[in-house]
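Please look over the sequence and the model below.

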Amino acid sequence: MTYLPFGWPRDTLPRRTEQVSEGKMAIDQGIYEVLKDDIGALEGLSEKKMFGGIAFMLRGNMLCGVHKDGAMYRVGKDNEEAALALPGARKMTFTGRPMGGFIDATDDAMADDATRAELLRLSVDFVGALPAK
């Protein structure tokens with residue numbers, strides 16, 4: 001059984017389903033809460049429904065988020081190699097093709113505080129340098 005931070009078993013995390021336009025969006029509420037706690041109170045942070053999930057936006061630019069299959073981080077192409085070296089990180093293939101600069105975080109990555117912290121650091125480094133939208 002995979003455990004997330006704070007000893008939560010992965011298969012017993014609360015889940016929620018939200019209605020979005022014509023389709024349904026199912027996200028893992030536990031992962032959403034973990035990401036929200038990891039991010040804390042960054043100035044300029046907001047949430048937006050995207051990619052069939054919820055994205056955390058930093059000054060209008062996507063930082064990270066939760067989607068139906070787990071979590072993702074926007075690390076940028078320059079940080080991609082460093083992110084992929086982390087356990088449980090893989091290229092995001094949302095549409096069947098790799099999306100440059102985006103990383104999917106597996107259950108193993110989300111269960112490790114240090115991995116999540118480094119993915120978030122890489123994301124904040126990249127997104128924080130972008131102009132606000």
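## E80 and K91

In this predicted model, E80 has a relative accessibility of 13% and therefore counts as buried, the cut-off being under 20%. Its salt-bridge partner is K91, with the closest N and O atoms 3.7 Å apart. K91, at 40% relative accessibility, counts as partly exposed.

## Other salt bridges

The whole structure contains six salt bridges. One of them joins E47 and K36, whose closest N and O atoms are 3.7 Å apart. This pair links distant parts of the chain, since E47 is in strand β5 (residues 45–50) and K36 is in helix α1, 11 residues apart. E47 counts as partly exposed at 37% relative accessibility, and K36 also counts as partly exposed at 37%.

Another salt bridge, between R121 and E118, has its closest N and O atoms 2.7 Å apart. Both residues lie in helix α4, three residues apart, which is about one turn of the helix. R121 is partly exposed at 41% relative accessibility, and E118 is partly exposed at 24%.

## Helix α4 and S123

Helix α4 has 16 residues, which at 1.5 Å a residue should span 22 Å; its end C-alpha atoms are 21 Å apart, in agreement. The buried residues of α4 are T115, R116, L119, L120, L122, S123 and V127. These residues cover an arc of only 160° around the axis, so they sit on the same side of α4.

S123 is found in this helix, which runs over residues 113–128. With a relative accessible area of 0%, S123 is buried. A polar atom of the S123 side chain lies 3.3 Å from the backbone oxygen of R74. Leaving aside residues up to four places away in sequence, S123 touches L63, Y73, R74, V75 and G128.

## The aromatic pair

The structure holds one aromatic pair. The ring centres of Y32 and F56 are 5.8 Å apart and the ring planes are at 20°, so the pair is stacked. Distant parts of the chain are linked by this pair: Y32 is in helix α1 (residues 29–39) and F56 in strand β6 (residues 53–58), 24 residues apart. Y32 and F56 are both buried.

Conventions
Residues numbered from 1 in each chain as written. Predicted model: local features only at pLDDT ≥ 70, side-chain atom pairs only at ≥ 80, totals over all residues. Heavy atoms only, no water. Helix = DSSP H or I, 4+ residues; strand = E, 2+ residues; numbered from the N terminus. Buried < 20%, exposed > 50% of the residue type's maximum accessible area, 1.4 Å probe, protein only. Polar contact = N/O pair within 3.5 Å; in protein donor to acceptor, adjacent residues only side chain to side chain. Contact = heavy atoms within 4.5 Å. Phe/Tyr/Trp six-rings, centres within 6.5 Å; stacked < 30°, edge-to-face > 60°. Expected span 1.5 Å × (residues − 1). Arc of directions from axis to C-beta. Salt bridge = Lys/Arg side-chain N within 4 Å of Asp/Glu carboxyl O.
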